[in-house]
Amino acid sequence: MLNFLLRRLGISVILLFFISVVSFLIITLTPGSPYPWGEMNPKVSPQMKENFRAKFHLDEPWYKQYYLNMKGLFTGTLTSIKDDRPVLQKIGERLPATLLLNILAITIALSFGLMLGVYAARHAGKLPDLLTCIVAFVFIALPEFWIAGLIVIGLVKFTDAPILGTQSYGVDFPNLFAMGLDRYWHLALPATVLALGGIAAQALYIRASMVETMRQDYVRTARAKGLPQDVVFYKHALRNSIRPLITGIGGLLPALIGGSIIIETIFAYPGIGRMGYEAVLERDYPTLVAMNFIVASLVLLGNLISDILYAVVDPRVRLE
Amino acid sequence: MITDTDNPVLQEAQLIESPARGVWRRFLRNKVGVVAGIFIVLFFLTALATGLGSLGGIYYPYNPNTTSLEIKLQPPSLAHWAGTDNLGRDVFSRLLNGSYISLTVGFVAVSVSLLLGVVVGAISGFFGGWVDNIIMRVVDAILCFPTFFLILTAVALLGPSIINIIVVIGLVSWTGTARLVRAEFLTLREAEYVRAARSLGAKAPALVFRHILPNALAPIIVTAVISIPGAILTEASLSFLGFGVQPPQATWGNIITDGKTYLLDAWWLIVFPGATIFVAALSFYLAGDALRQAAETRSERK
Amino acid sequence: MIRIFLHGLPIALVALLAASFASVSLLATKKRNEMSVGMLGEPSTLNPIQQADAAASQVYSSIFNGLLKYDDNLEITTDLAKSYALSQKTTFYFKDPADVVAALGKLLFMRPRWPEWKLTDARQEGNALVLTLSEPGMATSQDIAALLDANTMQPLHVLRVDLASGASDTLKALRESPSSSRILRDWVESDMAFEVTVAGDPADFAKATEELLAGKPDLKGKVTTGDAEKFLAEPIVDFVLRDDVRWHDGAPFTSRDVLFTYRAIMDDAFGSPRKPDFLYIQSVEAQDDFTVRVTYRKPYSPALGSWMIGMLPAHILDGKTPAWWVQNFNRTPVGTGPFKFGEWKTNEFVRLVRNPDFFDKPGPWLDSIVYRVLSDQLTLRLAFETRQVDFWVVDPWAVSTFEKDDRFDLFSAPGSSYSYVGWNLRRPMFQDERVRQALAHAVNVPEMVKYIIYGHGVQSTGIFLPQMWFFNPNVKPFERDLDKARSLLAEAGWKPGKDGILEKDGKRFSFTLITNNGNEIRRDIATLVQDNLKALGIEVKIEIYEWAVFLKNFINKGEFDAMVLGWALGPDYDQYQIWHSSQNNPEQLNVVSYNNPRVDQLLGDIRQEYNRDKIVAMAGEMQETIYRQQPYLFLYVPESTSVVWKDTYRIRRPDGKGGWLDTPIETTKAGWSYYSEWFYRPEYADQLPK
Amino acid sequence: MSASLLEIRNLSIKFRTENGPTEAVKNVSLSLKEGGSLAIVGESGSGKSVTALALTRLLASPPAEYASGSILFKGQDVLGMNLEQLRKIRGKEIAYVFQEPSTSLNPVYTVRNQIAEAIKLHRPDVKNVDAEIVRWLNTVGIRDPEKRMLDYPHQLSGGMQQRVMIAMALSCEPSLLVADEPTTALDVTIQAQILAELKRLRTEFNMGLILITHNIAIIQGLCDRIAVMFRGEVVEYGDTTSVLRSPQHEYTKALMTCVPRLGSKEKRLKTIDYSWLATK
C-alpha cells in the first residue's frame, strides 16, 4: 500500500511537471500581454509599464519565467498581476466554493445516474430502458449554457426566487435552517445543470455495466439459488457494476471544472472557473499558472482516490 | 442473456453475410437510430445547400448576413420563422447558414482528433512495451487537464479563427480515441489470424493496414460519430464565452452569443439555435449509439 | 439498504430543492434597509490611489473623500476642504538688482492695469521680481514679460536628468558643486529622474552635470536641457481643511493625511497609477493642521481636479510596506466617507455599513450598501430582475421594455463616453480630408442612434461631451448625403472600378475595420458601417479580436486600417495625449496619428489656461477643427439609463423647518448624487436614525 | 420402485434471434427417479445446457421461449409456475453446480456470505448459520473451513472454488443436483477428486443427480442413465452400461471414439467424424 502510494506520487510529480510546462508554454507563448490599468488609460507612463514588466519578469525568456513563476508558487510569493495579492491566497478563497459545487454536482450525477442506470438495466430491452437511454442522450446533448439560460429565464420570469451567487441579499434569515436552505438553493441550481451530462454518462455507463454483469455466471448462480430478483439485482449485480463507476469519479473532475466556467459565469457563482476565465481575459499569467497547477493536482488526487476506492470495492484489487 | 452461443444454426446464418452489411441491417432495424440518421442527413443536406449557397446560390429565405434595422428583434412570424436578431437578420436563414460551419467544425475537428488518436493509439498498441508506456503516460497527463479550460485558453490566446478552433478542439480530444485504438490493437495483435499473418512474414504496415485496422474500424467509427456533437457543443460553448467563430459568419453557437444579451426579451434568439444544436447533437448521439449496438452484436458473435 | 440509498438520495436531493425554493421565494419579499448595487467584476483593491478599475472606484467613492469633488453640474466644489484659493507666483530673474527696481517701477506705474492682470502684489527679492496673481495662467505673465526689458533679464532653463537610479544623491552632489548658486529650484520625480531650474546660460551647468555623471557610468545619466523661459510661473492652491472630520476609526483628519497621501502617490513603491496627475506639483506643505499649500512648477489647469482623489489615513499607513497595504488596508480600508468598510467576500460582494459620524450630516440613512460582484450585463440584469440588486444600467434596446412596465422607475443621465470609428491617417486612403468627410456623409449615424442605442443618446459632434461646460454647441453634424459623399470622393480621385468598388491609381478602396469582441454594440456598428459604405462602392472587411490582442497587436502598434472604439472621458478638457501630434508613437494614444499644428498649439495652451472664458473659446475651436477634419467618424454619445424598482429609494433632506422632506430620487448631470441622502423604501422612513 | 423425481416430456425450446426463431431443444423427453442419476452428453451447442437450465427456467426469456412440452418436478409443472413458486424450487429442490467455478462465484463477496445467503433463504430454521457453513465446507473436503469461509473466491484455487460451489448447492439439501460440466474447467487430477466427491455425496444424501458433460468417459460409475444429445435432440437414451457397451447411434459412437484413454497408442486426439450426417 505504502509502496503503491509512493510510486503513484512519483508519477504524479512527473505528470505535474509536464502539465505545468505545457500549460505555461501555452499561456506565455501566445500574443497579448497583461495590462492591469484598464482600457487605454492615458495616465500610465512608460516608466510604470517598464516597472510592471520587470516586476512580473515579462521580458525574461520563457524557461526563466517558468522557473521564477514556479518558485514563486512554491514559496507563496507569486502574486496576481491584477491586484498583486498572492495567487495561492486568491485561489484559496475561491476553491472551497468550486469544490462544494463540484461535490454536489458529482453527488447528483452519481445518485441520479445510478438510479436511472439501474432502472434501465432492470428493464433492459424494454420500453423503459429505451426511454431512459433516450433521456440520457438528451441530457448529454443539451448545451449546458442553453439549458442554464432557459432555467434562468424561467425562474426570473415566473418566480421571485433569486438565482445568482451563493446566497440571497438584503434579507434577514429567521433561523439557521432557512439560511441553510438558501445556500442549498443557490448551490443546487448550478450543480444540477453541471451534473446533467454526468447523470447521463453515469446512467448509460451503469446500464451497460449492469446488463453486462447480468450475463455473468455468478448472477446465474445467484438466480439458481432461488434468491429473489431484487437480491440478485441489487446485491450480486449492482455491487459488481459500480466498480467502473467509481473509477470514473476521477475522470469527472476535469470535465466538471471545465463546465463550471460557463455555469459559474451564468449563475455568478464565485468559483475558480470564473477566476480562471477572467485571468485568461486579463492575461493574468501568475494566476493561470497557479490555477492550472492546482487543478491538475486536484485531478491527480481524484484519480488516486478512485484507485483507492476501487480497491475498497473490489477485493481482488490490491494496491501494489 | 444465457444462451448457448454456439448454436450451429446461428453460425450458418452468420456466414452468409458480410460484417458491414450485417451492421447496416441491424442499424436499420433500430427505429430510434434511423430517425436520428434521417435528421443527420437533413442537417447534411442543409449544410451542403448553404455551403454552396454561400458561393452565390439562393438557398435561403433571406440573405443571412443582410441587416435591416427596421425589422430588428421581431418575434417569430410567418415571414421570419425564427424571428429576427438585433440587426434585423433572419434567424432561420442564419441557422441554415450556421449549419455549414457548425458541421464543418464538428467533422473536421473530429477528423483531426481521429487521425491523431488512431496514429498514436496504433503505435502504442502495435509496438507495446516502453513505447506504449510512454505514450500512455502522456495520454494520462493530457487527461488531467481540464479540457475545456485548455481549449478556452488556447483559443483566447491564439485568436478565435475557425481553423484555430478546429485544430485546438481536435488536439485536446484525441486521447479517448487513442486509448480505444490502443486497446483494440493490443487485443488484435494477439489474435490468431494476426499471429498467423505475422508468422507468414507479413510486414508491420501490412499487418496494421490489412489485418488489424479493418477489424478495429467499427469501434473507431462509432467513436467518431459520437464525438462529433461534442465538438459542435464545444464550439457553441466557446461562442457563448465570446471565443467561438467570429461574426458575421454565423454558427449555431454564435447566434446564441448574439442573442445572449437579449435573453430576457427575445427568447427566440436563444431557443431556436439552442434547440438546433440540441437536436443535431442528440441525432448524432442516438445514431452513434444505434451504430454501436449494431456493431457490438457482431463482435459479440466473433 | 442499497435500494434505500439508491432511491433515497435522489429523492432527498429533490425534496431539499423544493423546500429551499419555497423558503427562498418566501424570504425574497422581505428586504432590509440596505442598498444592493451590482458591479462588473471584482475590485482589485479598495485603495483610492492604487485603484485602476471601475468596480473599485464605484466602491471606494462611498468610503473615501477627496479634498474636492464634482457637484451636480460637474463643476468642482469642496469636500474635505472647507475652501480653496488659487493664485500664482510669477518670478522674473534679472542680471542686476537695479534692473529689478526699474521693472518694479514700471509695473507700479501701470497699477491701473493690475485688476485686468489679476495682479495683486509685486515685490523685489534680491535680483528677482516676484509677482502674485489671483488667477494662475501663462498668458498674463507673458503679457507682463513683454513689457519688461528682456535684455536685463536672465533666461531660465529646466535641466532634466534621467538616470538608472540615485536621483536624490546625484542632486545632492550637484547642489554641492560650485555653480550650485544658480539653481533656482529643484524637483525629484523619482529615483530615476530629477529636474533643476537654472538661471543664465545652461550650457556650462549642463556640462558640469555631465562631468559629475561621467564619474558614475553605472547611473547611465542623461541630461536634457529645456527651452529658455523668461520667468517661473508657479500656481498655488491653498486649501483650508474641515476641522470636524474623523476617520472611521475615530482619529481626526488633518493636513498630515494630505501630505502623506501626496507622498504615497509619488512613491514608486506603491505604484500609483494616479502619479502622472501629480507630476506638476513642486511641493505640498502644511501651514498648520488644517491648512495646506500646494505649489505647482508650471500652470496646468486640469491639475485641480486631481485633488478629488481619496485621502489616505496617515496614522494607519505611515511606515507600512506595499505588501502590508495589499494584505491589509487595501482589503479593509479606513476612510472618512458616509459608509465604513464592513465585509469583503471574494468574488461575491463588498458590504459597507453606515458611518454614523459622517461629517456631511444629515445622513447617511441606509444601514448598509452591498456591492455585488457580477460577471456581465446579463447577470447584472438577472440580479436586478430577481431584486438582488436594486438598480441596473439598462442596455439601450431594453429601455423601452422597462418604460412600458410600471413596476419600474427610469432615470436617464448623459453618458460620459462617445463611440467613434477611427481612420488610421497613416494609411494613404484616409489621408485626404475629403475622403474622410465623404465617409462622414455616407454613414447613417442617426440611424445608428435610432437602432443601435434606440434613440437613447445624441449624435456626437466632436471630442467633448455635450453636458460639459466647455462643449461647443455650434458644431453641426455631417448630414447623410450620398451624392455629396460621391462627389467628394470623386474630387479626391476615387472612381468606380470594374467590380463596382472605387479605385484610385489602380488601388481598390477596400479596408479592414477591426474592433474588440465581447461588445455587441461595437460589432453592430462595424456591421452597419460595412453596410453603409457598400452603397458608395467601398469594401469593408470586419475583423474582431479579443481585447488584449486587439490592443497589443493592432491599436498600440498603429497597425490597422480603421477601428471601432470609444472614449470614456473624465470631466476635464485636457486631451493632449489623444490629439497632440507628438503622441502618435506605439502605445501612445493618438493612435490614428492626427496632426494639426493649430490643434497642437491649442492643446498646449488650454492646459495652461485657468480663465474659464478662454478655456471655452479654445475648446470650442479645437472641437470644431477636429470635427471638420474627421480623423474619427464621430458617432454618438449614449445616455446612461438606470432602472430601479418603483419606490425602492427615497431621498431625505431637511425641510428647513426642523423636519424632514422625503422625495423620490432624481438624477443630475453627474448622474446620481451621493447615496448618503438615500434610504430604502418609504416604510423605513419612521425607523431611520436621527 | 421409487417415485419419479423429474419428468421432461416433449420439451422444445426456441430462441428468438434476429434471423428468426431457432430451435435449441427439440422434443426432448427424459425422466429421473428420486435418488437416481442421469448424464446428458453431447458436444457444445447440442442443447444439453439449455435443457439443464430449463429445469428451473433459468434461461433468460426473451430470447428463450418454452415452445411446447412440460417439465414435471415432483409432479408439478415447472413451466406453469409463477416466479414465487419457482424460487422455492431453485436452490431448495434443484441446485446447480456450474462449469466455471471462478466466474460462478461472486467475486466481491466472501464464501461465507454467499453460502449463508442460500441457507438463510431456504432454511430459515437454522440458528447457527456459520456452523452450518463450516459443516458443509467440511463435507466437501475443504480443510480449515472456519478460515476459508472468510476468503473471497479469488483467494481460492479452482478446485476449492468448485468445492465451495458444491457446498453451496448442497447446503440447502436439494433433492436434485444439476452439475453442468462441473469439471471441464479444472485440472485432470482435481477433476477426479471432484467427481469422486460428487459420487460420495450423492449416495450419502440420496440425491438425484443430473450430470451434463461432453466427456463421456467420466460418466461410468457416476450415473445410472445416459442421454446423448445432438443438435437439440436426444439421439440416444438408456442405461449407462448398455449404451456405452453398445451405442446405437452413429453420434454416440463417434463421441466415444474421441475419448482419450491412458495408454492409447494414438498420437493425436481423434476428432468427431461427421461423415454419417451426410448419409442420413
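User: Which residue in strand 8 of chain D is the bridge partner of Val178(D)?

Analyst: This is a predicted model. Strand 7 (residues 176-180) and strand 8 (residues 208-213) of chain D pair in the parallel sense, over 5 bridges. In strand 8 of chain D, the bridge partner of Val178(D) is Ile210(D).

User: Which strands of chain D stand at the edges of the sheet, and why is one side of each left without a neighbour?

Analyst: The sheet of chain D is open, with mixed pairing, and its 6 strands run in the order 6-7-8-3-9-10. Each edge strand has a single partner strand, so one side of each lacks a neighbour in the sheet. The edge strands are strand 6 (94-97) and strand 10 (233-239) of chain D.

User: What does the twist average from one strand to the next?

Analyst: The sheet in question is the open one of chain D, ordered 6-7-8-3-9-10. From one strand to the next, its twist averages 15 degrees.

User: Which strands does helix 7 of chain D touch, and what angle does its direction make with that of strand 6 of chain D?

Analyst: Helix 7 (residues 158-170) of chain D packs on the sheet, touching strand 6 and strand 7 of chain D. The direction of helix 7 of chain D makes an angle with that of strand 6 of chain D of about 175 degrees.

User: Are helix 10 of chain A and helix 6 of chain B roughly parallel or roughly antiparallel to each other?

Analyst: The axes of helix 10 (residues 272-282) of chain A and helix 6 (residues 147-158) of chain B come within 10 Å and cross at roughly 15 degrees. Angles under 35 degrees count as roughly parallel. Helix 10 of chain A and helix 6 of chain B are therefore roughly parallel.

User: Which residues of helix 6 of chain B meet helix 10 of chain A?

Analyst: Helix 10 of chain A brings Gly276(A), Tyr277(A) and Val280(A). By class, this contact of helix 10 of chain A with helix 6 of chain B has 5 nonpolar, 2 polar and no charged residues. The residues from helix 6 of chain B are Phe149(B), Leu152(B), Thr153(B) and Ala156(B).

User: Which helix of chain A gives the most to the side that touches chain C?

Analyst: Chains A and C have the most contacts among the 5 pairs of chains that touch. Their contact takes 57 residues from chain A and 56 residues from chain C. Several helices of chain A each supply at least two residues of that side, including helix 2 (46-55) and helix 9 (229-266). With 8 residues, the one that gives the most is helix 4 of chain A.

User: How far apart are the closest C-alpha atoms of chain C and chain D?

Analyst: No contact joins chain C and chain D. Their closest C-alpha atoms lie apart by 15 Å.

Notes
Residues are numbered from 1 along each chain as its sequence is written. Chains are lettered from A and ligands numbered from 1 in the order in which they are written. This is a predicted model: local features need pLDDT of at least 70, side-chain atom pairs count only at pLDDT 80 or more; totals for chains, interfaces and linings use all residues. Axes are lines fitted to C-alpha atoms, for helices over the stretch in contact, and angles run from 0 to 180 degrees between N-to-C directions. Helices (H or I, at least four residues) and strands (E, at least two) are DSSP runs, numbered from the N terminus. Angles under 35 degrees count as roughly parallel, over 145 as roughly antiparallel, 65 to 115 as roughly perpendicular and the rest as oblique. Two residues are in contact if their C-beta atoms, placed from the backbone, lie within 7 Å. Ala, Val, Leu, Ile, Met, Phe, Trp, Tyr, Cys and Pro count as nonpolar, Asp, Glu, Lys and Arg as charged, and the others, Gly among them, as polar. Two strands pair if DSSP finds at least two bridges between them.
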